[in-house]
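New notebook page, new structure. I'll look things up one at a time and jot down what turns up.

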Amino acid sequence: MQNWFHAHPILTYLIILALTIYIFNAVFRVQRLPILKEVLVHLVMAAGSFVLFILQFDKLPIIQCMSVAVFMMVLLRGRQLYDRFKGKRGGSSSSDTGGA
């Protein structure tokens, strides 16, 4: 897999940039920023993604690590949606009644 990323540097950079933007939006974004600040934030993310691209090009598993982080965030989001759905269906019953 590392050889494929090494053979396709532009796609590798775009994958890293996309994962970085997704992680930023999912974890750190609280509200929409003014357009100039938004552009500045994305330019800084593009520069940071270039640094990560250099590390990926040096055979470090940057994309694989970021993919695991995104997968875990998707699992968390799915669990939150499941809990919300179950809460609407189950009424006011709670799963942590009784116990220690």
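This is a predicted model: local features need pLDDT of at least 70, side-chain atom pairs count only at pLDDT 80 or more; totals for chains, interfaces and linings use all residues.

**Entry: threonine 12**

I started with threonine 12, which sits in helix α2, residues 9-28. What does threonine 12 touch, once residues up to four places away in sequence are not counted? I found Phe5, Phe53, Gln56 and Ile63. Is threonine 12 buried or exposed? My cut-off for buried is under 20% relative accessible area. Threonine 12 comes out at 1% relative accessibility, so I put it down as buried.

**Entry: phenylalanine 5**

Leaving aside neighbours within four places in sequence, phenylalanine 5 is in contact with Thr12, Ile15, Gln56, Ile63 and Gln64.

**Entry: α2 against α4**

Next I checked how α2 meets helix α4, residues 62-90. Their axes come within 10 Å and cross at roughly 35°. I noted the crossing of α2 and α4 as left-handed. On the α2 side the contact is made by Thr12, Ile15, Ile16, Leu19, Thr20, Tyr22, Ile23, Ala26 and Val27. From α4 come Ile63, Met66, Ser67, Ala69, Val70, Met73 and Val74. Sorted by class, this contact has 13 nonpolar residues, three polar ones and no charged ones.

**Entry: the nonpolar core**

Which residues make up the largest nonpolar core? I count ten in it: Phe5, Ile16, Leu19, Ile23, Phe53, Ile62, Ile63, Met66, Val70 and Met73. The elements giving two or more residues to this core are α2 and α4. The largest share, five residues, comes from α4.

**Entry: salt bridges**

How many salt bridges does a search of the whole structure find? It finds two.

One joins arginine 29 to glutamate 38, with the closest N and O atoms 2.7 Å apart. I checked glutamate 38 for burial: its relative accessible area is 10%, so it is buried.

The side chains of aspartate 83 and arginine 79 also meet in a salt bridge, at 3.3 Å from N to O. Both of these residues, aspartate 83 and arginine 79, lie in helix α4, four residues apart, about one turn of the helix. Aspartate 83 has 39% relative accessibility, so I logged it as partly exposed.

Terms used. Residues are numbered from 1 along each chain as its sequence is written. Side-chain values use heavy atoms; hydrogens and water are left out. Buried means under 20% relative accessible area, exposed over 50%, partly exposed in between (1.4 Å probe, protein chains only). Contact means heavy atoms within 4.5 Å. Axes are lines fitted to C-alpha atoms, for helices over the stretch in contact, and angles run from 0 to 180 degrees between N-to-C directions. A crossing is left-handed if the near helix is turned anticlockwise from the far one by less than a right angle, and right-handed if clockwise. Ala, Val, Leu, Ile, Met, Phe, Trp, Tyr, Cys and Pro count as nonpolar, Asp, Glu, Lys and Arg as charged, and the others, Gly among them, as polar. A nonpolar core is a set of buried Ala, Val, Leu, Ile, Met, Phe, Trp, Tyr and Cys residues joined through side-chain atoms within 4.5 Å. A salt bridge is a side-chain nitrogen of Lys or Arg within 4 Å of a carboxyl oxygen of Asp or Glu.
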